[in-house]
Amino acid sequence: MNGRTVLERFPAGGPRGSWPAEEFAQARRLEGLPAEVVMDLATDTFLVIVRSGEAAADALA
């Protein structure tokens with residue numbers, strides 16, 4: 001296990017001026033999830049993740 005849960009994937013080549021991964025992560029943070037955006041270089045995608053831990057497990061439950 002890698003210690004994270006992937007909530008959503010977004011292609012790196014989004015429209016100019018658009019940040020869909022960041023917008024999705026912000027919406028999850030407003031819901032109480034400690035979501036963050038990371039880049040998966042192997043697949044050229046942005047991942048919105050929640051790292052494992054007590055706070056993340058409580059928020060996902």
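**Figure 1. The largest pocket of the predicted model.** The largest pocket has a volume of about 150 Å³, in a model that is predicted. Strand E1 (4-11) and helix H1 (20-30) are the elements that give two or more residues to its lining. The biggest share comes from H1, which supplies three residues. The lining consists of Phe 10, Pro 11, Ala 12, Gly 14, Pro 15, Ser 18, Trp 19, Pro 20, Ala 21, Glu 22, Val 37 and Phe 46. Sorted by class, nine of the lining residues are nonpolar, two are polar and one is charged. As background to this view, a probe the size of a water molecule, rolled over the atoms, shows where empty space is left.

**Figure 2. The whole chain, for orientation.** The protein has two helices and three strands. Read from the N terminus, these elements follow the order β-α-β-β-α. The protein contains 61 residues, and 23% of them are buried. Its accessible surface is about 4300 Å². Carbon and sulfur atoms account for 54% of that surface. When contacts between residues at least 6 apart in sequence are considered, 54% of them join residues at least 24 apart.

**Figure 3. Strands E1 and E3.** E1 and E3 are paired in the antiparallel sense, with seven bridges between them. One of the bridge pairs joins Val 6 to Ile 49 in E3. How many of the seven residues of E3 are buried? Five are, and E3 is therefore described as mostly covered, given that buried means under 20% relative accessible area.

Figure 4. Ile 49 is part of strand E3. Is Ile 49 buried or exposed? Its relative accessibility is 1%, so Ile 49 counts as buried. The cut-off behind this is that a residue is buried under 20%. Not counting residues up to four places away in sequence, Ile 49 touches Arg 4, Thr 5, Val 6, Pro 34, Ala 35, Glu 36 and Val 38. Val 6, in this list of contacts, is also the bridge partner of Ile 49. Arg 4 is another residue that Ile 49 touches. Along the chain, Ile 49 and Arg 4 are 45 residues apart, yet their C-alpha atoms are separated by 6.3 Å.

Figure 5. Glu 8 belongs to strand E1. With a relative accessible area of 33%, Glu 8 is partly exposed, because that class lies between the 20% limit for buried and the 50% limit for exposed. Which residues is Glu 8 in contact with, leaving aside its neighbours within four places in sequence? They are Phe 24, Phe 46, Leu 47 and Val 48. For Val 48, the distance from Glu 8 is 5.3 Å between C-alpha atoms, although 40 residues along the chain lie between their positions in the count. Phe 46, in contact with Glu 8, is also among the residues that line the largest pocket.

Figure 6. Strand E2 (residues 36-40) and strand E3 (residues 45-51) run antiparallel and are joined by five bridges. Within this pair, Val 37 stands opposite Val 48 in E3. Between the two strands, the hairpin has four residues. Asp 44 lies in this loop between E2 and E3.

Figure 7. Most residues other than glycine have a negative phi. Asp 44 has a relative accessibility of 47%, so the residue counts as partly exposed.

Figure 8. Where is Glu 23 placed? The residue is in helix H1. Its relative accessibility of 51% is why Glu 23 counts as exposed, since that class starts over 50%. Glu 23 and Val 37 are 14 residues apart in sequence, and 9.8 Å separates them in space, C-alpha to C-alpha. H1, the helix that holds Glu 23, gives the most to the lining of the largest pocket.

Conventions:
Residues numbered from 1 in each chain as written. Predicted model: local features only at pLDDT ≥ 70, side-chain atom pairs only at ≥ 80, totals over all residues. Heavy atoms only, no water. Buried < 20%, exposed > 50% of the residue type's maximum accessible area, 1.4 Å probe, protein only. Contact = heavy atoms within 4.5 Å. Areas by Shrake-Rupley, 256 points an atom, 1.4 Å probe, with all protein chains shown as cover. 1 Å grid on protein atoms, 1.4 Å probe; cavity = no way out; pocket = protein on both sides within 12 Å on 5 of 7 lines; lining within 4 Å. Points joined across faces, edges and corners; volume = space filled by probe spheres on them. Nonpolar A, V, L, I, M, F, W, Y, C, P; charged D, E, K, R; others polar. Pairing = 2+ DSSP bridges.
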